[in-house]
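Biologist: Hi! Could you walk me through this model, beginning with the terms you use?

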Amino acid sequence: MSLLFELKKTAAANPKRLTYDEVQAQTYLEVKGSGTANQCPILSGGDEGFKFKPGSYSVKKFCLEPTSFTVKKESPFKGGGDQYVDTKLMTRLTYTLDEIEADLSVDEKGNLKLVEKDGIDYAAVTVQLPGGERVPFLFTIKELVATGSPDGFSGSFLVPSYRGSSFLDPKGRGGSTGYDNAVALPAGGAGDEEELGKENLKDTSGSTGNITLKVAESNTATGEIAGVFESIQPSDTDLGSKAPKEVKIQGIWCAQLD
Amino acid sequence: MADEEEQGVSRRLALALAAGALVATGKVSTASAAYGEAANVFGSPKQQSGFTTLTGDGFKLDVPSKWNPSKELEFPGTLLRYEDNFDQKSNLAVMVIPTDKKSITDYGSPEDFLSAYSYLLGKQAYAGKTVSEGGFDPNAVATAAVLQSKTKDINGKKYYDLDVLTRTADGDEGGTHQLIVASINNGKLYLLKAQAGDKRWFKGAQKFVKGVAESFSLA
């Protein structure tokens, strides 16, 4: 999971990566339509590894940029391992999380604890599996608490429901609003049948995902750190009516420490 | 001859003086120009306040003229209920509930009074779990915020005046402004609730709803 490898993976159609100061120096028209807004800034200079002293820091402009989305596919053979298949992105370049604030504490042994507070910490993404099936999911790190060494600190986060409680499905059924059964089906209670219970009763509860982050380089002069991450989280459950798929997201991240 | 002329002149003078005095005091009701009456020549322009004053059983209230009476009994003790002609979300209701308290201040602060009568704002009927409502607490799809609360003193009686904004997760009308005015008189609690959605509030309903709340007074 090296930083260079991850960076090279997305060299295809994306603009040249810029440092934070270079990004701030761009004008609106230069950024518009170029894809730069979806990229995390890279470090200018700095050393390998996590070089900050123990203490508590406040993390600003924590940015996570995925470089690959893969979805777990159940193996058709019994006992066969599950594999993650490559996907095609449907929702274009809007998947990067940014401007996230967090608290980072470094203890004497050099272990990190990152507690996420708030920011643009969710992004709705839809990918397409080979075969045409579309998998929407909410890429997020809400309420993340990650602990561990700088070489791999991990934790779990909250994945809210892709749809809210007031979302109506094509038959007008919703959680906190809308119908509560399939109206317009023939009379005789057909709308309220048990088999339709999955579709009639909407479930907007959230679930959890896991992420592992690794610090690749840091710059103590400017207070920036950067690295790679790998996150596994469930996809959309269509308000409780279908089983979620597991999505693995790999990418790079960077942050500014105060 | 001279006497008659003098009398004539003095009578004419008296009449002119009387007419002048009447015009000066402005008590001439030529403004009401009903059919057959003289036109509104010297009177003041008719004041359109947009409200009609209603006197109920023990209270007085200005109701917006374009609002219609409604037969709905939303809360216990409703005496009257008026709603906007085209939008039922803009309405007012006066409730009278017997009580044993002597003054509205016996309930504590205006916020304490509101907690005792929180059914006026409605209750959330959704019991499901959700963390996907942005701007709402987990599992909450409706919330209320007290924007302003004050204690008024009219004719020696204390009134509680609360301005509440209730919001729901589906963003219905951008939230509802609910103005609640309450006071106690003769062992009865008089409650006025006037509301309008924010969508109408900033387009002019604010003037009407605030006018209703400010005009509510007990006999």
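Modeller: Happy to. A nonpolar core is a set of buried Ala, Val, Leu, Ile, Met, Phe, Trp, Tyr and Cys residues joined through side-chain atoms within 4.5 Å. Buried means under 20% relative accessible area, with a 1.4 Å probe and protein chains only. This is a predicted model, where local features need pLDDT of at least 70 and side-chain atom pairs count only at pLDDT 80 or more, while totals for chains, interfaces and linings use all residues. Residues are numbered from 1 along each chain as its sequence is written, chains are lettered from A in the order in which they are written, and side-chain values use heavy atoms, without hydrogens and water.

Biologist: Thanks! Which residues touch the most other members of the largest nonpolar core?

Modeller: That core has 40 residues, and those touching the most other members are Phe50(A), Phe62(A), Leu64(A), Leu104(A), Leu114(A), Leu213(A) and Trp253(A). Strand β2 of chain A, residues 55–73, gives the most to this core, with six residues. Strands here are DSSP runs of E, at least two residues, and helices are runs of H or I, at least four, numbered from the N terminus.

Biologist: And what else is there apart from that core?

Modeller: Another core, of 24 residues, which include Phe51(B), Val63(B), Leu92(B) and Ala213(B).

Biologist: New topic: how many disulfides does a search of the whole structure find?

Modeller: One over all chains, counting a pair of cysteine sulfur atoms within 2.5 Å as a disulfide. Cys40(A) and Cys63(A) form it, with their sulfur atoms 1.9 Å apart. The link of Cys40(A) and Cys63(A) is left-handed, at -100° about the S-S bond.

Biologist: What does the pair tie together?

Modeller: Cys40(A) lies in the loop between α3 (28–31) and β1 (47–48) of chain A, and Cys63(A) in strand β2 of chain A, so parts 23 residues apart in sequence are tied together.

Biologist: Is Cys40(A) buried or exposed?

Modeller: Cys40(A) is buried, at 2% relative accessible area, and Cys63(A) is buried too, at 0%.

Methods: Buried means under 20% relative accessible area, exposed over 50%, partly exposed in between (1.4 Å probe, protein chains only).
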